[in-house]
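Open the viewer and keep the selection panel at hand. The tour below goes from one selection to the next.

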Amino acid sequence: MRVKPTLQTATLLFTLLSSAHAHGGATADAALKKGFLRCGVNTGITGFAQPDSNGEWRGVDVDFCRAVGAALFGDARKVRYTPLTAQQRFTALQSGEVDLLARNTTWTMSRDTSLGLNFVGINFYDGQGFMVARRLKVKSAKELNGAAICVQSGTTTELNLADYFRAKNMKFKPVVIEKLEEVLNAYFAGRCDVYTTDVSGLISARVSRAVNPADHVILPEVISKEPFGPAVRHGDDHWFDVVKWTLFATIEAEDLGLTSKNIEQQAQSHDPAVQRFVGVKGDFGKMLGLDNRWAYNIIKQVGNYGESFDRNLTPLGLDRGLNKLWNRGGLMYAPPMR
Amino acid sequence: MGSLNQPRVRSVAYQTLLATALILAVWYLIANVVENLGQRRIASGFGFLAREAGFEIGETTFLSYDAADTYLRALAVGFLNTFRAASLAIIVSTLLGALIGLARLSRNWLLEKIAAGYVEVIRNVPLVVQLFFWYAVITDLLPAPAEALNPLPGVFLSNRGFGFPTLVALAPIELNYPVLSGFNFSGGGLLSPEFAALFLGLALYTAAFIGEIVRAGILAVDHGQFEAAYSLGHSQRQVMRCIVLPQALRIIVPPLTSQFLNCTKNSSLAVAIGYPDLVSIANTTINQTGQAIEGIAIIMLVYLTISLAISGFMNWYNRRIVLRGNKR
């Protein structure tokens with residue numbers, strides 16, 4: 001069990017020991033040479049990243065990896081997934097084990113500044129919540145004094161939890177477990193009164209793991225801001241741009257009304273914004289060092305942000321909420337592609 | 001320069017060369033790590049130890065702790081938790097192992113088979129699987145706190161752990177009983193399911209190995225010793241206690257030391273079942289500070305220190321019991 005993080009630290013140490021200088025622009029070249037993109041994803045969280053019954057990875061984070069694959073190779077299938085625990089994720093990115101981390105990871109200042117990585121933007125706005133068994137008849141997080149709380153290690157969740165209880169002057173007993181699977185086992189076995197993580201994670205766990213989902217309630221309090229974003233390593237600005245604009249392209253497409261179903265006919269459109277997007281006008285692909293049809297490929301093969309959301313998260317009962325487009329009351333906004 | 005022909009001078013020269021090369025290589029690697037960390041703007045150094053940890057720890061041993069304390073104190077709590085689990089497991093596994101070793105040599109057929117079965121089953125199942133097993137037994141089979149089993153007055157068994165009364169005063173005897181309040185029991189003592197699973201798993205696992213060591217040690221005592229002792233009219237008990245065991249101990253102690261070391265190191269599997277041991281706390285620390293190299297260095301240093309202390313003590317004990325003539 002302890003082998004993997006230790007091995008990873010060893011790999012990190014090794015890369016740091018051996019590579020005398022970091023070089024720029026290399027990530028895309030190396031991926032093109034290998035013929036596939038290495039994407040770090042969650043070990044298994046329904047709606048974000050989980051293999052389906054055929055072993056195909058599914059989820060919004062997986063869709064993002066596929067979008068980058070489509071932009072880079074013109075083929076969304078050229079992605080290999082590396083499932084990472086909360087603890088392994090940053091080391092895997094730092095050491096070059098993955099080219100890109102798309103693993104429902106909260107963008108925080110300390111992670112952005114001291115871990116040697118850059119967040120490219122936000123692909124899901126979330127917040128931390130609490131789930132309790134209905135039979136405990138708890139109505140609010142303020143009634144949780146003295147509760148035993150299951151939490152996964154290596155997450156911002158651990159800190160928010162402590163902060164919240166300190167501010168409210170309440171006590172709790174954390175049960176901190178490394179693997180999500182084991183955390184959920186402990187909660188559903190009744191070892192803890194409460195399970196806490198991001199609300200999307202609570203909903204996902206309730207749908208996929210509870211014997212009877214109605215036996216568990218998610219409390220109304222959301223105690224933190226958890227903006228999830230894909231991240232890349234420091235030192236390759238070109239790669240940073242590619243991944244960042246892949247994210248914006250999926251949002252911009254929804255804004256322009258471009259979907260995987262209509263983009264083929266929309267390519268003939270006379271709307272200059274659409275023409276720029278699909279690569280008929282302008283050299284926006286070249287500016288990224290990619291094919292001019294990069295954005296077309298993303299939408300054709302993966303779909304826009306809203307399609308990905310509807311495919312993966314809506315079936316779980318998750319509301320678009322803050323993740324609606326900016327002009328529909330949400331926070332999703334892409335800078336102009338011009 | 002002619003002196004280079006002398007083997008002594010040559011060997012000193014070679015060793016100096018080798019040492020210099022080693023030091024240079026290590027220095028180069030460290031300098032490279034520091035430079036690369038700086039270049040990638042990854043924080044380094046041990047300054048984070050004095051910062052506020054900000055996370056809670058489920059249980060503590062001796063030392064009090066809350067989220068406002070420093071990382072250093074959090075790591076100390078982790079170390080003491082490791083120490084508590086490992087030392088208790090070592091003591092219990094040694095006693096249990098000795099009994100199993102003796103049982104395997106017993107002339108009672110049933111006893112011998114039970115002991116042999118125990119050793120084979122426990123020894124051949126990976127420890128982490130056993131930890132998951134005990135943890136699942138405790139959390140799945142035991143009832144919620146509100147329906148806790150109450151086998152003795154003041155003793156409660158639930159999936160929150162094992163609650164028992166603690167002694168507050170001796171004369172007159174005054175006990176502090178655990179009482180159900182809110183979500184859980186308060187008052188009295190409480191052994192958490194995580195601690196119980198880790199302790200059980202470690203103690204039972206290590207005992208199987210120690211049992212075999214004890215059996216081998218006794219079998220290695222020359223058969224003539226038994227016969228001579230019996231013919232002098234000693235009872236079976238006396239033979240074991242005064243003749244055989246003291247001799248067997250000399251064979252048992254060195255491999256026993258390795259088992260103690262293994263037991264301590266195996267306690268790091270605690271993280272799998274959520275017991276806040278040193279590795280668990282260090283992992284959280286690494287995650288929040290991002291300083292993996294420092295964190296792993298601390299883990300290594302602590303385990304190295306514990307291991308050296310155990311082997312130091314066991315070597316001292318071994319020298320005391322070894323045959324005078326065999327001292328080296």
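Begin with the two domains of chain A: their centres, taken over C-alpha atoms, are 29 Å apart. This is a predicted model, so read every value here as computed.

**Stop 1: colour chain A by domain.** Select 3-13 + 23-125 + 228-323 for domain 1 of chain A, and 128-224 for domain 2 of chain A. Now look at where they meet. On the domain 1 side, 14 residues are in contact with 14 residues of domain 2. What classes make up the side of domain 1 of chain A that touches domain 2 of chain A? Five residues are nonpolar and nine are polar, with no charged residues.

**Stop 2: select Thr46(A).** Thr46(A) sits in the loop between strand S1 (37-42) and strand S2 (50-51) of chain A. Is Thr46(A) buried or exposed? Thr46(A) counts as buried, because it has 23 C-beta neighbours inside 10 Å and the cut-off for buried is 20 or more. Show what surrounds it. Leaving out residues up to four places away in sequence, Thr46(A) touches Ser204(A), Val207(A), Ser208(A) and Leu316(A). Gly59(A) is 13 residues from Thr46(A) along the chain, and their C-alpha atoms are 7.0 Å apart.

**Stop 3: show the sheet.** Select S8 to S12 of chain A. These five strands form an open sheet with mixed pairing, in the order S10-S9-S11-S8-S12. Strand S10 (172-177) and strand S12 (216-218) of chain A are the edge strands, each pairing on one side only. On average, neighbouring strands of this sheet are turned by 30° against each other, direction ignored.

Zoom in on one pair. Strand S9 (residues 147-152) of chain A and S10(A) run parallel, joined by six bridges. In general, strands of a sheet pair through backbone hydrogen bonds, either parallel or antiparallel.

H7(A) lies across S9, S10 and strand S11 (194-198) of chain A. Its direction is at about 160° to S9(A).

**Stop 4: bring in chain B.** Select the contacts between the chains. On each side there are 43 residues: 43 of chain A are in contact with 43 of chain B. Which elements of chain A each supply at least two residues of the side that touches chain B? They are helix H1 (3-18), helix H4 (89-94), S9, helix H6 (156-167), S10 and H7. By class, this side of chain A has 20 nonpolar, 15 polar and eight charged residues.

Then colour chain B by domain. Domain 1 of chain B covers 2-39, and domain 2 of chain B covers 92-273. Their C-alpha centres lie 49 Å apart.

**Stop 5: zoom out to all of chain A.** The secondary structure of chain A comes to 14 helices and 14 strands. Its C-alpha trace spans about 60 × 50 × 40 Å along the principal axes. Does the radius of gyration agree or disagree with a compact globule? It agrees, because a compact globule of 338 residues would have a radius near 20 Å and chain A has 21 Å. Of those 338 residues, 54% count as buried. Finally, draw the contacts between residues at least 6 apart in sequence: 73% of these contacts in chain A join residues at least 24 apart.

Methods:
Residues numbered from 1 in each chain as written. Chains lettered and ligands numbered in written order. Predicted model: local features only at pLDDT ≥ 70, side-chain atom pairs only at ≥ 80, totals over all residues. Domains from an automatic or database assignment. Contact = placed C-beta atoms within 7 Å. Nonpolar A, V, L, I, M, F, W, Y, C, P; charged D, E, K, R; others polar. Helix = DSSP H or I, 4+ residues; strand = E, 2+ residues; numbered from the N terminus. Buried ≥ 20, exposed ≤ 12 C-beta atoms within 10 Å, placed from the backbone. Rg over C-alpha atoms; globule rule 2.2 N^0.38 Å. Pairing = 2+ DSSP bridges. Axes fitted to C-alpha atoms, helices over the stretch in contact; angles between N-to-C directions.
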